[in-house]
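Hi,

Here's the structure I said I'd pass along.

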Amino acid sequence: MDPSDQKHFTVVDYVIFAVLLAASMAIGLYYALSGGRQRTTQEFLMADRSMGCLPVSLSLIASFQSAVAIIGVPAEIYTHGTQYWFIGCAYILGLFIPAHVFIPVLYRLRISSAYQYLELRFSKTVRICGTLTFIFQMVIYMGVCVYTPAFALNTVTGFELWGTVLATGLVCTLYTTLGGLKAVIWTDVFQTVVMFAGQLAVIVVGVLRTGGVSEVWRKVWEGNRIAGLDLNPDPTERHTFWTLGVGGIFLMLSLYGVNQAQVQRYLSSRTEKEAVRSCYMVFPSLQLALALSCVMGLVMFARYCGEDHSDKLGSSSRDAMVIYFVMDMLQGLPGLPGLFVACLFSAALSTISSAFNSLATVTMEDLIKPHFPAMTEARATLLSKALAMSYGLLCLAMAYLTHLMGDSVLQVALKIFGMVGGPILGLFCLGMFFPWANSIGAVAGLGAGLTVSFWIGVGSIVTRTSGVKPLPPDCRVALLSNDTTAAIQTALSDVALSRPSGLKRFYSLSYMWYSGFNCFTVILVGLIISFMTGRKVLTHVLSPQRSSPPHHKESNGQVGTSQEETESFLPEAPFVEYETAV
């Protein structure tokens, strides 16, 4: 980027940004030196199961509302219009189902890792497979979350790219390692407030500098950026009501139903009722966050439609345009650029700290403790802290690889969740809703789901054409002459004839369907293999009123229970069973 076009921070901006990092560190130090001082794994990983619904709900929002969303959603609206806004419809069932299906099951088992359920339901092998899949997913996503704000800021302001990545990663690693889950949740609360304040400041100033609400509305309307309800059932269409409103439900379930980063927050609640309430409280806040991001994209369109700033930025990335817009709008207002950058990095910090803590938990509970049952509590806590720090350093390495990805950051992030989160969701659904599924079917289903998801994902990248440089969005949809109309109709017919077919059409599946498609693949293959290998008769359903799972004995990888425990069945509970061979 031309240095003369770069937007610069004032001293006040640097101070505000530094205060954000210092406050996050201070919260971590506070919880490292107060209470139980993070001396037990129960406190470090589960916050002593003492959290209220308000901090948990704000933490749930912060984990999802990453820097990817704050940059990616406005860029999407600026480029393609408001069709993406319909994903808000998916939030209804995407939060209602976890609140009444997944949370009751997982909370009543009194587990620390969501994947412990898979061992209780299937076998230790299935649990390890689920854990490794989750680790793979989160390590990749962490790289995207750290790199995205650092790259955008470097492109526009000339901030040292890897210095920014390093500062973000190290601060987050330190307060997560020192303060445990309590520090993660309370920094999320603080960072959520900063996020909303930063976005609101940009919108208000942007509207005023663009000419007011009526002028913004006139430009986005004339520029055809207000999308109607698109009911096209074609699954290869990138965004329609069905891909966003229905496909988005499966995406939300994979995030808020079975993702350890979110499940761990439910499990840290004081009671099951508080956990369910926190899930409900997420809904209005997520809708507000989505609305702010979409409105920001519309204001950005009204300000820059018809203008091409890619030469100034040295990049055609719409993601970098968002930061340019923010710095352009807030330039000359000391403190506000720093507030938005703090907002952006708050989103990154909240997401990756959640990832560090959840990765440390599943590694400790699923991969280490089962092999070292006699490990002392002090050593287990120290090892958990070392794991959190190790994942933090690994995150920095993954950030280095993220710049190789070609899509927008929003699309890359949702593809990752669909490709890996979808099969994990299918594995949990297979266990909870199909009592005749067995361990062999579960492993085969997960393997098939991951294979198909990467087949589609890699295929879509390989077959993607580079195309021409996108034109800047225009402020006005011009009235067309007859000759122009005829030329466009001819071009559209040529496009229709050249639409992909066969495997290329399969690779063109909308990334919003990845979660649902891969979930059903796991369930279908899992059920077929279960019937082929001899289905299981589930002789026990864990009582939802138990404070902890009953003792059980393993025999050939299966778990048996006593007659007394079998009689403790409550019919309203989903399947949380131990299985015995026929």
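**What turned up**

The protein has 23 helices and four strands, taken as DSSP runs numbered from the N terminus (helices are H or I with at least four residues, strands E with at least two). Keep in mind that this is a predicted model, where local features need pLDDT of at least 70, side-chain atom pairs count only at pLDDT 80 or more, and totals for chains, interfaces and linings use all residues. Residues are numbered from 1 along each chain as its sequence is written, and side-chain values use heavy atoms, leaving out hydrogens and water.

Of the 582 residues, 59% are buried, meaning under 20% relative accessible area, with exposed over 50% and partly exposed in between (1.4 Å probe, protein chains only). Among contacts (heavy atoms within 4.5 Å) with a separation of 6 or more, 87% are between residues 24 or more positions apart.

Helix α16 covers residues 336-368 and spans 46 Å from first C-alpha to last, close to the 48 Å expected at 1.5 Å a residue (1.5 Å times one less than its number of residues). It's largely enclosed by the rest of the structure, because 30 of its 33 residues are buried.

On the surface, Leu-166, Leu-170, Leu-174, Met-389 and Leu-393 make a nonpolar patch; its members have over 30% relative accessible area and no salt bridge, and nonpolar side chains (Val, Leu, Ile, Met, Phe, Trp, Tyr) are joined within 5 Å. A salt bridge here puts a side-chain nitrogen of Lys or Arg within 4 Å of a carboxyl oxygen of Asp or Glu. Helix α8 gives the largest share, three residues. Met-389 sits in α17 and counts as partly exposed because its relative accessibility is 35%.

Cheers

Conventions: Patches are made of residues with over 30% relative accessible area and no salt bridge: like charges are joined within 9 Å, nonpolar side chains (Val, Leu, Ile, Met, Phe, Trp, Tyr) within 5 Å. Accessible areas come from the Shrake-Rupley method with a 1.4 Å probe; for residues, only the protein chains shown count as cover.
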